[in-house]
Amino acid sequence: MNARPRRSGAYLALGPAIIWLVTTFYLGSIDGDPTDPIRFELKDKVLHAIAFGLMQRTHYRAFQFLFPSWTELRVVVTSVVTASLAGVALELWQAYLPHRTADVFDALADTAGAILFALLFFDRPKKAEASA
């Protein structure tokens, strides 16, 4: 039997992405606001941006592990897209829950957070220094 060799680190690379996705959907599905004690202007949008920015980071790590031959840019773009799509999926899911409402601006905040975190942590290739 010709089995593929196992790569170490799968749990650390994939686990956070799965756990964060499930946690985000759980928190987006429950009745009530677990962050109710926190109060400030645009709290909902800021928390959406942070949650999906963190999701982008977990997806980034998972894609780096799953596709080691991909370029840095491809991993970053794919992780932004998948985190954004998860945000849209959450809003569509909430549209069917009687105690939640879907909001296109939440989905936009999700995408903005994913993009912001990608830009903050993107490992830009360094230009080769000119040799003397």
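User: At roughly what angle do the axes of helix α1 (residues 10–27) and helix α3 (residues 72–95) cross?
Analyst: This is a predicted model, in which local features need pLDDT of at least 70, side-chain atom pairs count only at pLDDT 80 or more, and totals for chains, interfaces and linings use all residues. Residues are numbered from 1 along each chain as its sequence is written, and side-chain values use heavy atoms, with hydrogens and water left out. Helices are DSSP runs of H or I with at least four residues, strands are E runs of at least two, and both are numbered from the N terminus; axes are lines fitted to C-alpha atoms, for helices over the stretch in contact, with angles from 0 to 180 degrees between N-to-C directions. The axes of α1 and α3 come within 10 Å, and they cross at roughly 30°.

User: Which word describes how α1 and α3 lie to each other, parallel or antiparallel?
Analyst: Angles under 35 degrees count as roughly parallel, over 145 as roughly antiparallel, 65 to 115 as roughly perpendicular, and the rest as oblique. The axes of these two helices cross at roughly 30°, and α1 and α3 are therefore roughly parallel.

User: How many residues of the contact of α1 with α3 are nonpolar?
Analyst: With contact meaning heavy atoms within 4.5 Å, L21, T24 and F25 of α1 meet A86, A89, L90 and W93 of α3. Ala, Val, Leu, Ile, Met, Phe, Trp, Tyr, Cys and Pro count as nonpolar, Asp, Glu, Lys and Arg as charged, and the others, Gly among them, as polar. By this division the contact of α1 with α3 holds no charged residue and one polar residue, while the nonpolar ones number six.

User: What is the direction of α3 relative to α4, parallel or antiparallel?
Analyst: The axes of α3 and α4 come within 8 Å and cross at roughly 160°. That angle makes the two helices roughly antiparallel.

User: How many charged residues are in the contact of α3 with α4?
Analyst: On the α3 side the contact is made by V76, V80, A83, S84, G87, V88 and E91, and on the α4 side by D106, A107, D110, T111, A114, I115 and A118. Besides eight nonpolar and three polar residues, the charged ones in this contact number three.

User: Does K43 count as buried or exposed?
Analyst: Buried means under 20% relative accessible area, exposed over 50%, and partly exposed in between (1.4 Å probe, protein chains only). K43 has its place in helix α2 and, not counting residues up to four places away in sequence, touches D33, T35, D36 and I38. At 13% relative accessibility, K43 counts as buried.

User: What is the relative accessible area of L42?
Analyst: L42 is exposed, and its relative accessible area is 56%.

User: How far apart in space are T111 and F52, C-alpha to C-alpha?
Analyst: T111 lies in helix α4 and is partly exposed, with a relative accessible area of 24%. T111 and F52 are 59 residues apart in sequence, yet their C-alpha separation is 7.2 Å.

User: What pattern does the protein follow, read along the sequence?
Analyst: The protein has four helices and zero strands, and buried residues make up 33% of its 132 residues. Read along the sequence, the pattern is α-α-α-α.
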